[in-house]
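This report describes a single structure, shown below.

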Amino acid sequence: MDRRSMQILELDKIIAMLREKCATSMGRERADALFPRTDREEVLDLHAQTREAVELLGKETPPLSGLTDIGPEISRAGKGGTLDGVQLHRVALFLRGSMQLKRFLDAKAPPESWLFLAAQGLAELPKLEAQLRQAVDGEGNVLDSASAELRNLRRKLEAARGRLRERLDAMIKSPALQKYLQEPLVTQRNGRYCLPVKSEWRAQVPGVVHDQSASGATLFIEPMAAVELSNEITRLEKMEQAEVERILRELSQQVGSHSQELETALAAVADIDFVLARARLAVDMKATGPEIRGDNRLRLAQARHPLLPAGEAVPVTVVLGGDYNVLVITGPNTGGKTVTLRTVGLLCLMAQCGLWLPVAEGSFVPVYDNIFADIGDEQSIEQSLSTFSGHMKNIIAILAGATGNSLVLLDELGAGTDPAEGAALAIAVLNQLKTTGASVLATTHYSELKAYAWTEPGVQNASMEFDVETLRPTYRLIIGAPGKSNAFEIALRLGLDRGVVERAKTLLHSDVLRTEDVLASLEAQRRQTERELARAREEREQAEALRQNYEQQLARLEQKQERLWQKAVEESNELLRRTRLQAEELLAELRAAEAQNVNIDDLARRVREGLKPLPGPGLPKVADGSPPDPGDLKPGQSVRVLSLDKTGTFVARSGDEAIVQVGIMKVNVKFEDLRLVSAPARPEPDKVSGRVDTGIASISPQIDLRGKLVDEACLELDRYLDAALLAGLSQVHIIHGKGTGALGRGIREFLRTHSAVADFRYGSAGEGGSGVTVATIKSQ
């Protein structure tokens, strides 16, 4: 890969951004060594790694703390050298971080993924890590816990120093000795404890002189009474130092014995950190992974230059390959032609480095064997090169090195010399590169190159859009149409006198004017086509919105139909429930009649009347009497229930419904379903009524529903509650047991809506706990 072109396209700045995303110095070293790959399989592997890391970062952040570069420590220990406490602590930190990262990736990375396999190279040496942390602290000091011998020696040292301090403190506090001292304190000289003695009293304080002050007025004397203790301390300190060195030596040997594992772990940390850094950069850039193609086709959709602020960069879409391999870009100065070249070149380099690109989905790039760029002013006074000479020197090198799998970026091709000769030379260069098969993006202002691109197969025109109304570039790339330089318009916008501009227009050759007029006409047609396309797109969106609106209305109608059907089903179920209750009542009367020898024919007639079909919707049932006024109804007043075709007694009002006692059952009905009757409803003068009344009077204050299904239990409970209300019970106990709790929940849901129940609760400890529900009956 051409290094000069990489520098021109500023790949080094992308690498600098990548270094900042690395968490370890090893990862930064990998970033510094980053170089575009030219093998497609390698590029595919790099992008697979980046994709894995992006997916992982989208879920959790891998732990990377403590992973410092311990390469020098591993090398020294591996050669038999001894590490100091600080170095051993660094190794301990690395081992802890390595184990944490390995366990994280083992748990979070998919099996057989690159991250999972890379984690297998991380070191997991918990025993060695524990020994190191037990032996040294963060400052590199060897701890007492490193060995029992070291702990014992340090205790002896502390005791000896304590005795020495006590003896010396006693001496400086002695009235007899204080007059000989310069100051009443203990100091150290050459590691020995001394007293500051006035030089004239040297003979009065026997001991060893270790030092004197600069003036000679003070001698630092170790008293003879302290020499023996000081010697003992010195001996213990040497033993302590020897034990410390032994500990460091043994720990270093253990580190050295694992040097190969640690080197492998160090490389794995570097690789993992580098891949995670590529993922972090992709996330920050809001980048996507492009498809890596095996041919020379390129498509960068909505591409942004990664070094420009995201809010300022205008996205461009560049397509190259297929019908054409050479794209000639024209347009005004400051219109974005050069930025487009730099964007394409830099993004292709990034893709071949395994980095994601700030492009839209659907982008793809090939793998080039080389990327050449001739961008910028190559003028050099030191090398005696003019602008033209500098460009020619680069182009000569490009023509010599370009192949059918190269990307060539040429800015202002043929500039810096006579326009006619420059244009001819530019066409010849493009022809040579086209014959080679290279992919080429070239910018120019020459009309001859526009005509060449218009007529030459495999070459396409493109232009940077310019808004003639605002006289400003839009920075949009339009492929398929050449552009005008708009030099006169830009000059006017910058303040050049209009008379000078008009004079310049008269000096243009007529062919040039005709060409510019044709280009202006094409640009106008393109804008008109874009407006019509936008209008058609808007109309299609409106039609789509209308279709969605109709679909939503249809869905709402279907939902309404479903609700109506559900309501009909519920009403049918309620009617069925009432019918079942009526049948239960009649069956109870039938059984009682059989037991008491009641006239069966008369009872059968009543049963047939009770079970006759309800009136259909087209044939309403008409009853005697007039509709009741809810405000005039009194408890005990006789009414007829049309839906049941039964006469009952009005009990009370519940909202917009009436509570009516029909036989032994109490039902809630709408006032519209009632008709007043002239005489109060009385029980039939037979033995069945007497039996029911007797049953109500003797009703039990508890009911056992254990073993029943919820629907069956609720049906029986409904009858029981009505009877309890008529019997005047204030509280009843409902036994449902604990079990799975389904029966208890169903009963409590039923009680919550029952009109006869004022409140309910679980039983107390003496009442059966959660296996019993105690219900309070409303007073009549």
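**Cysteines and basis of the model**

A search of the whole structure finds zero disulfides, a disulfide being a pair of cysteine sulfur atoms within 2.5 Å. Cys353 is buried at a relative accessible area of 1%, and Cys714 is buried at 11%; buried means under 20% relative accessible area, exposed over 50%, and partly exposed in between (1.4 Å probe, protein chains only).

The model is predicted: local features need pLDDT of at least 70, side-chain atom pairs count only at pLDDT 80 or more, and totals for chains, interfaces and linings use all residues. Residues are numbered from 1 along each chain as its sequence is written, and side-chain values use heavy atoms, with hydrogens and water left out.

**Overall composition**

The chain contains 23 helices and 23 strands, taken as DSSP runs numbered from the N terminus (helices H or I, at least four residues; strands E, at least two). Of its 780 residues, 41% are buried.

**A four-stranded sheet**

Four strands form an open antiparallel sheet in the order β1-β2-β4-β3, where pairing requires at least two DSSP bridges between two strands. Because β1 (187-189) and β3 (207-212) each have a single partner strand, they stand at the edges, and one side of each is left without a neighbour in the sheet. β1 pairs with β2 (residues 192-198) in the antiparallel sense over three bridges. Arg192 in β2 is the bridge partner of Arg189.
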